[in-house]
Amino acid sequence: MAATGKNANNAETVENWHWFLKKLESILGPRVLTFISDRHEGLIQGIRDVFPTFYHDWCYHHLKNNVRSKTNKKKGEHCAAMGLFKECFYSSTHEGFDQGMQKLKDMGCDGLHKFLSEIPVECLSNAHCLGCRYGYMCSNIAESFNSWIKEAKGMPIATLVNWIRLKIMEQMSTRKSKGATYKGFICPRLEKKILASIRAGVQWRITKSGYMEWEVFDGKYTHVVNIARFQCSCRVWFTEQFPCGHAIACMHSNNINVYEYINPYFSIASFRASYDRPIKPIPDYDKPIDVATGDLVNPPTVVGKKHGRPKKKRIPNTSSASFKRPIMCGNCHTQAHHNKTTCPHPPAKKQR
């Protein structure tokens, strides 16, 4: 069945996503990963069809923009509701998620509670996530890349691709030089995380239970840590695939080498291996030659070119449009979504 109008655009977008995911499938191989994206229809269908064994979770920032309209700002519940939504999303335990959802219901956010209840909980909650996010809750890396190439988006496609190649080539060279200066087993940022967990764990009560198992009281909750199974009842070790503060405190207090229980992907060796193969420069004389004419291959002829300047701004997600910021009206002196010109109230009388 042929689609027309908006449906044709949607069908074309879904087909493009399927093509992209098929190409990605040949690169990833047999590994099972977790995709983090917005709730785009093409991605939801494509990942389900092309990667049936993979997991698909949703980006926190995109979903936060979706739920902004579900709260009532006039009642002053917006900020509190957004805080509870973040608490539900980031909570690593089922109990924390359930408590946050109950608080939303108790404070009267029925619209937000209903919206979140209709979403598959395994795509929404960090605690119910079936795969592993490695601590990443949003698709910031994609947004950062889009911002990174913003100045080149108006270029012709060949120039744009070459511009991106040069940027990535320079970035990989810089990070390779940076990785050569690292010392130890893991990257400096994670090393600071371990030291912070050790300092916090000094004040905790750590009681040994059995072989490689401890009970840890952190001043608020009691957790069970089993180092042999790489488990902690807080589930942070599972969701981030990096030892949580409770596990690190147990290892430090019992003279156990923390680095033996850290995923090799976090090591300096893995960081260096990621940038070990540089992107080679491409000279001009190596460009493809048209066999028939002996000339350089020209860009394809564009048929049906649209009138006017091409759009440079990205089209926002359908339900992720930016929330309107209240402004101060110069006439009625109240915060609202109007100014002095569009104020519905009569102009204030000047005092003589």
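Mentor: What follows begins with the sheet, moves to the helices and ends with a few single residues.

This is a predicted model, in which local features need pLDDT of at least 70 and side-chain atom pairs count only at pLDDT 80 or more, while totals for chains, interfaces and linings use all residues. Residues are numbered from 1 along each chain as its sequence is written, and side-chain values use heavy atoms, with hydrogens and water left out.

The secondary structure of the chain comes to 13 helices and 8 strands, where helices (H or I, at least four residues) and strands (E, at least two) are DSSP runs numbered from the N terminus. Four strands make up an open sheet in the order E3-E4-E5-E6, with antiparallel pairing; two strands are taken to pair if DSSP finds at least two bridges between them. E3 and strand E6 (231-232) stand at the edges with a single partner strand each, so one side of each is left without a neighbour in the sheet.

Going through the sheet in that order, strand E3 (residues 205-210) and strand E4 (residues 213-217) run antiparallel and are joined by 5 bridges, and Lys208 has Trp214 in E4 as its bridge partner. Their hairpin has 2 residues between the strands, and in it Met212 takes a positive phi near 60°. E4 is in turn joined by 5 bridges to strand E5 (residues 222-226), again in the antiparallel sense, and here Glu215 has Val224 in E5 as its bridge partner. The hairpin of E4 and E5 has 4 residues between the strands, and Gly219 in the turn has a positive phi of about 95°. E5 and E6 then pair over 2 bridges, also antiparallel, with Gln231 in E6 as the bridge partner of Asn226. In the hairpin of these two strands, which has 4 residues between them, Phe230 takes a positive phi near 55°.

Helix H12 lies across E3, E4, E5 and E6 and runs at about 65° to E5; such angles run from 0 to 180 degrees between N-to-C directions, and axes are lines fitted to C-alpha atoms, for helices over the stretch in contact. H12 (residues 245-253) also packs against helix H10 (residues 188-201), at an angle of about 75° and with the axes 8 Å apart. H10 and H12 are therefore roughly perpendicular to each other, a term that covers angles of 65 to 115 degrees. Where they meet, Ile194, Ser197, Ile198 and Gly201 in H10 face Gly245, Ile248, Ala249 and His252 in H12 through contacts, a contact being heavy atoms within 4.5 Å.

The loop between H12 and helix H13 (268-274) holds Asn263. Asn263 has a relative accessible area of 17% and is buried, where buried means under 20% relative accessible area, exposed over 50% and partly exposed in between (1.4 Å probe, protein chains only). Leaving aside neighbours within four places in sequence, Asn263 is in contact with Tyr134 and Gln241. Asn263 and Ile186 are 77 residues apart in sequence, yet their C-alpha atoms are 9.8 Å apart.

Elsewhere in the chain, helix H6 (residues 110-117) has Leu112, His113, Phe115 and Leu116 buried. Seen down the axis of H6, these buried residues fall within an arc of 160°, so they line one face of the helix; the arc is that of the directions from the helix axis to the C-beta atoms. Asp110 and Lys114, on the other side of H6, are exposed. The cover over the buried residues of H6 includes helix H3 (60-67), helix H4 (78-90), helix H5 (94-106) and helix H7 (121-124).

His94 is found in helix H5, and at 37% relative accessibility His94 counts as partly exposed. Not counting residues up to four places away in sequence, His94 touches Ala127 and His128. The C-alpha atoms of His94 and Arg235 are 9.7 Å apart, although the two are 141 residues apart in sequence.

Arg165, whose place is in helix H9 (residues 157-180), counts as buried at 16% relative accessibility. Leaving aside neighbours within four places in sequence, Arg165 is in contact with Ile279, Lys280, Pro281 and Ile282.

For the chain as a whole, 32% of the 352 residues count as buried. Among contacts between residues at least 6 apart in sequence, 53% join residues at least 24 apart.

Note on methods:
Angles under 35 degrees count as roughly parallel, over 145 as roughly antiparallel, 65 to 115 as roughly perpendicular and the rest as oblique.
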